[in-house]
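Please keep the sequence and the 3D view at hand as you read.

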Amino acid sequence: VTTVERLRTIPPQVGRAAPRRDGREKVRGDAEFAGDIVVPHMLHGKVLRSPLPHARIASTDAAAAEAIPGVVCVLTAADLHDFDPYWGHAIRDRPIVAIDKVRFAGEPVAAVAAEDEATALAALDAIQVEYEELPVVGTVAEALAPDAPLIHDTPLRPGLFHGLGELAPRDGNVCYRFTMDRGELEAVFAHADLVVEGEYTFPAVYQYAMETHTVIAHAVGDQITVWASCQHPFLVRAELAALFDVPLANVRVVVPYLGGGFGSKSYTKMEPITVALARKAGQPVRVQNRVAESMVTTRRHGMRCRMRTAMTREGRLLGRDVECWFDTGAYADNGPRVTATGGDAAPGPYRWEAYRVDAACVHTNTAPSGSYRAFGATHLQWIGESQIDDLARRAALDPLDVRRANLCSPGEELRAGGKPLDADLVGDVEAAAAAVGWAEPKPANVGRGVSVGLLAAGAHPVSSAIVRMEADGQVVVLVGTTEVGQGARTVLAQIAAEEIGVPVEQVTVRGTDTRYTPYDRSTGASRSTTLAGLAVQRAASQVRDQLEEIAGNGELEPAEMPALIARRFGLAGGELIGRGEVAPQGTGSYAEGPVFWEVCVGAAEVEVDDDTGAVHVRKTATIADVGKAINPLLVERQDEGGTMQGLGNALFEEMIYEDGLLMNDNLLDYRVPSFEDLPDEMQCIVVENADGPGPYGAKGCGEGSLAAVTAAVVTALADAGVPMTELPLTPERVWRRIQQLKEEGTWPR
Amino acid sequence: VRLELSVNGRPVVREIAPQTLLLDFVRDELGLTGAKRSCEVQVCGACTLLVEGQPVSACCYLAADAAGREVLTIEGLREQPDFERLEHAFLEHAALQCGFCTPGMLLTVSALLAEGELTSEEAIKQSLAGNLCRCTGYRGIVEAVADLAGVAR
């Protein structure tokens, strides 16, 4: 990246806590979300969902529902005959509504469009579906049994955006497998002084974006318009175009503000069924999930893992062997990518003589699993870091010293052929440890832990942006990043302001409308500041070049810019336009990547009550190793949000399935963190080493803290004497473990 | 049924179905979309409105039960003279991200401030536990509210 030195006439616009550009709208209730949009003649859509996890559909009769006054149409599998009705960005395995068979409880079987919601709900009750129950594959273990029923029995069809090279055929209920192999693993283990091994369980978790999935669709002829709460508008556009066989440009995706996403609104979700319903209705239709529906639309993968790690007596790490099984539910969703990222994160950023990773993505008769903030890293980091601590305890070494001795250094290769390490992890973990008082004395029931990991971030590096300076000097940025709460519209405005040399208040970043906004791959994988940010920086820099050319010099006051535009065009009109692009060097494949390594480093101090098993979090510290903080306050807020989600994941969040049925499908029974779950102290340390590939040396953040905190709570609890192998750390689980320790004579320590 | 009430200081008269929820009434009938629907079980607080100055979950509150009462939504709160203080504190501390919970959060905060209940950081956390925010990690909100309540941190 070449940065042009400009003459500065105003204070820096990056590196400061500029107020959110969307703050005022949001505080005043003016910010528009998909559910606030009313399209003329809009109908209300409701989805009939299967009550059974696995069944053959013997018959569907919608006649009575269609006869209800106010019902405009009912969409069933019978309507899906004139086109290929399967979608899925990774694996094209998902029918718009179930065809012949349902594979999870909650799977759409039919959908109704009606003049109002109450009528639509009444119509759902009037649809007659006869099911013949099939044996339920409720868990990964059941799915892998030799005689397990096959959830999919047709050949695997790759989707448009898996980015995983050539996909192998399914192997039983395994739809994807990720493996890594380095060095002579068995030889290394055979000669190791110390080996720890264990089996671990990670729960399925609900992202709970407070705004549920909401889509309005209108389809006329071969033109499709959707207003959608989606993170990846351009990938939704491509999937809809492929599914309904229309040109890309005929599909218009408009994205207002999102009420949270965290991965739950990545890729395509409720758009296909809403478009199909609107096509049949011939009128715009809105489908808005309830929480119970969003919970079965996508979730975080539950996972089982078997891991062993070897070390010398002196504390040199030798090898790691990992097998893990991700429960992707009935359809792949983003499971293959989650599995690959999890497998990639499994060894951790250490110098190994050998490692082996075998990660499988497994179908069960549960709802599909996809992306959730820091996927893969959150699944594996707590396990790997628990084993490092266990080895350190056995060797009577300080866990921090073991990390100092074995963590990779900046510039060191992490994976064969992949991007070398671009962060100072030893510095990061030392800072986190210091923040929780690592070496200070503590009571017996208090423990401290650190955790270190990396997350392959950035996804595929394709972004573009257009920056327009209007005749009055106001700047409008068109860029395909979705404002999902992370502050992208503020940070990208700061970058444009910095490049052009105007105050950030003069810059507006618009929401995405694929009809006018240039292409951006996606909003996720912590990529917006880094990649969309680079595109905006390049586009804004072109506007500045034009201003300097008109002026004939480089010293420009914001106030004189309108006069320069008028000079260029002769009248009070016209505009300056800059265009910026980021494209991959090489093929851009994930194997050559990642764009950058997102740092997942944190520490925690916890207190355990051995009478109740309750774990109280006293302190957390996270490291935002961001290269350059464009907006330091927003960086901190991102990490704090990740911290709370990490605490939820570590301590109590869990989707409870029994025989394929979700038992806690509401916010009373599925608890998320509230104000009262705040730790006594929560610290976010911003590290700026200008070592990122983004503008001004920036790299993304906001996900690492989740993985780091989840793991640090586990290692801290182990330090207090209670090593755990199953999350979440509910009081009951912790209490039972303490009883076990008492029987073994290791509690109290 | 015929419903007469006051919304944001203005009298409103409408014919409604008796089962109409207050949330649907303000959003669909009156076009006041600042209040949001999320959990529908009185856990999240995104739909919070003030009825006679008291926070209620409008997703579980019959519009008919507000008959003869004063309902305040974010669209009314923002017109009040002291709203600027709330707005400033929330922007200054970056006490919001996606903004979906923010209108409900502000209505709850304004009611609690009016009652003088926010006397410590602990009290702030306890009193606000009926409003969830999935994005911020809460700390920015606690800081903003502590500023507003004059609580030392």
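**Where the chains meet**

Please bear in mind that this is a predicted model. The contact between the two chains draws on 47 residues from chain A and 49 residues from chain B. Together they bury an area of about 4,000 Å², and carbon and sulfur atoms give 58% of that area. On the chain B side, the residues that lose the most area to chain A are Gln97(B), Arg134(B) and Arg139(B), which together account for 21% of what that side buries.

Charged pairs feature here too: the count between chain B and chain A is ten salt bridges. Arg134(B) takes part in a salt bridge with Glu653(A), with a distance of 2.8 Å from N to O. You will also find 25 residue pairs in polar contact between chain B and chain A, counting pairs with both residues at pLDDT 80 or more.

Which helices of chain B each supply at least two residues of the side that touches chain A? They are helix H2 (74–77), helix H3 (83–92), helix H4 (102–115), helix H5 (121–127) and helix H6 (139–149) of chain B. By class, that side of chain B has 25 nonpolar residues, along with twelve polar and twelve charged ones.

A search of the whole structure turns up eight cavities of 30 Å³ or more.

| Space | Volume | Lining by class |
|---|---|---|
| Largest cavity | about 130 Å³ | nine nonpolar, two polar, four charged residues |
| Second largest cavity | about 90 Å³ | three nonpolar, four polar, five charged residues |
| Second largest pocket | about 640 Å³ | seven nonpolar, three polar, eleven charged residues |

The largest cavity, with a volume of about 130 Å³, is lined by 15 residues, of which Trp87(A), Arg94(A), Pro108(A), Lys269(A) and Met270(A) are the closest to its centre. Strand S5 (94–95) and helix H7 (271–281) of chain A are the elements that give two or more residues to this lining.

Some of these names return in the second largest cavity, whose lining includes Trp87(A), Arg94(A) and Lys269(A). Among its other lining residues are His89(A), Asp93(A), Glu239(A), Tyr331(A) and Asp333(A).

The second largest pocket has a volume of about 640 Å³. Of its 21 lining residues, the closest to its centre are Asp116(A), Glu117(A), Ala118(A), Asp24(B) and Asp28(B). Helix H3 (117–126) of chain A and helix H1 (22–29) of chain B each supply at least two residues of the lining. The largest share, four residues, comes from H1(B).

**Backbone details in chain A**

Where in chain A are the cis peptide bonds described here? One joins Leu727(A) and Pro728(A), with omega of about -5°. Pro728(A) sits in the loop between helix H17 (704–719) and helix H18 (731–744) of chain A. Another cis bond runs from Trp747(A) to Pro748(A), with omega near -5°, and Pro748(A) lies in the segment after H18 of chain A.

Tyr208(A) is also worth a look in the viewer: it has a positive phi of about 45° although it is not a glycine. You will find Tyr208(A) in the loop between strand S10 (194–202) and strand S11 (214–220) of chain A.

Definitions and conventions: Residues numbered from 1 in each chain as written. Chains lettered and ligands numbered in written order. Predicted model: local features only at pLDDT ≥ 70, side-chain atom pairs only at ≥ 80, totals over all residues. Heavy atoms only, no water. Contact = heavy atoms within 4.5 Å. Buried area = accessible area lost by both parts, 1.4 Å probe. Salt bridge = Lys/Arg side-chain N within 4 Å of Asp/Glu carboxyl O. Polar contact = N/O pair within 3.5 Å; in protein donor to acceptor, adjacent residues only side chain to side chain. Nonpolar A, V, L, I, M, F, W, Y, C, P; charged D, E, K, R; others polar. 1 Å grid on protein atoms, 1.4 Å probe; cavity = no way out; pocket = protein on both sides within 12 Å on 5 of 7 lines; lining within 4 Å. Points joined across faces, edges and corners; volume = space filled by probe spheres on them.
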